[in-house]
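This report describes selected helices, aromatic contacts and individual residues of one protein model. The sequence and structure are shown first, and the description follows.

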Amino acid sequence: MELWFSESHTANVKLSLRVDKQLFSEVSEYQRVDVYESVEYGRLLVLDGRIMITERDEFIYHEMITHVPMCVNPSIKKVLLVGGGDGGSARELLKYESIEKIELVETDEAVVRASRKYIPQTASCLDDRRVEVHIADGLKYVRRKSDEYDLIIIDSTDPFGAGEGLFTKEFYGNCFNALKSEGIMINQHENPFYVVDALGMERAHKRLISTFPLVRVYQINIPSYPAGQWLFGFASKKYHPTAGADYERWEGMKIATRYYNVKIHAGAFALPTYVLKKLQSVE
């Protein structure tokens, strides 16, 4: 008998992957957490029925959420990761010798526990001495911070359920206050293709541009995500994401990547016309 995992992207669209077995399942205080062993994509981390990472393509997401800001300011030392309990974003940041401390704030302990046990590809880095894992509400955690971080990465779930508070104007304002004068914030900015996801993207963008003086959006292509397309927001107090990027310096650092390079960096900010129109409609 064949076993399949299916994620609904809309009421009329599903992504289905053949799986060998379910490795982990737990209903936590916040959500259902599952880990599956799939045939094509390796292990899957699934929250409330939605794929967060797969072993096959997680590198695309994690490289692009981290190396873009690190290329713009390679001197970043202190980072706040909100979400990211799978460890993938921390793994990429730890490739930089300049990084002195990463505070990883994950709401759901079950995500960290499942990732540590079943997805060491991303989570093994959580034992690094430069990483502090805090099981806490990211919204409340950042509220207490001021002028503290060089970089904040919002590696959250979608804007409902456990991750809903991480897309509010209040939260973005707290992140602004928590950043130093040259600080950068990166947030996952949702999928622009399907209607419901695009509305969430537009709401997040409207709140972001009302908080930061410089906001740009860039995209990635990731096969396991809805429509194979995903956006990130780049919000900064000072640096422009392309004009301010130090491409030569970054290349000289010889950071090992599989997806990210400086040409991808520049090209990712060239958005399709339909995406530009959606963003401009709320600017």
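Leaving aside residues up to four places away in sequence, V142 touches L80, F171, N174, C175 and A178. The model is a predicted one. V142 is placed in helix α5, residues 138–143. With a relative accessibility of 0%, V142 counts as buried, because the term applies under 20%. Between the C-alpha atoms of V142 and I152, which are 10 residues apart along the chain, the separation is 9.8 Å.

An α-helix has 3.6 residues a turn, so residues three or four places apart point the same way.

T211 is found in the loop between α7 and β11 (214–221). Is T211 buried or exposed? Its relative accessibility is 16%, so T211 counts as buried. A polar atom of the T211 side chain lies 2.8 Å from the backbone oxygen of R207. Not counting residues up to four places away in sequence, T211 touches K169, Y172, G173 and F176.

**Aromatic pairs and clusters**

How many aromatic pairs does a search of the whole structure find? The search finds 13. One of them, formed by F24 and Y118, is tilted, with 6.0 Å centre to centre and 55° between the planes. F24 belongs to strand β2 (residues 13–27) and Y118 to helix α3 (residues 109–118), so this pair ties together parts that are 94 residues apart in sequence. F24 is buried, and Y118 also counts as buried.

A further pair consists of F193 and Y274: the ring centres are 6.4 Å apart and the planes stand at 85°, so the pair is edge-to-face. F193 lies in the loop between β10 (179–188) and α7 (195–209), whereas Y274 lies in helix α10 (residues 273–280), so parts 81 residues apart in sequence are tied together by this pair. F193 is partly exposed, as is Y274.

| Residue | Relative accessible area | Class |
|---|---|---|
| F24 | 13% | buried |
| Y118 | 16% | buried |
| F193 | 48% | partly exposed |
| Y274 | 32% | partly exposed |

One aromatic cluster is formed by Y61, Y218, Y225, W230, F232, F234 and F269.

**Charges over rings**

Arginine side chains also meet aromatic rings. The charged end of R258 sits over the ring of F59, at 3.8 Å from the ring centre. For R56, the charged end sits over the ring of Y41, and the distance to the ring centre is 6.0 Å.

Note on methods
Residues numbered from 1 in each chain as written. Predicted model: local features only at pLDDT ≥ 70, side-chain atom pairs only at ≥ 80, totals over all residues. Heavy atoms only, no water. Phe/Tyr/Trp six-rings, centres within 6.5 Å; stacked < 30°, edge-to-face > 60°. Helix = DSSP H or I, 4+ residues; strand = E, 2+ residues; numbered from the N terminus. Buried < 20%, exposed > 50% of the residue type's maximum accessible area, 1.4 Å probe, protein only. Lys NZ or Arg CZ within 6 Å of the ring centre and 35° of its normal. Polar contact = N/O pair within 3.5 Å; in protein donor to acceptor, adjacent residues only side chain to side chain. Contact = heavy atoms within 4.5 Å.
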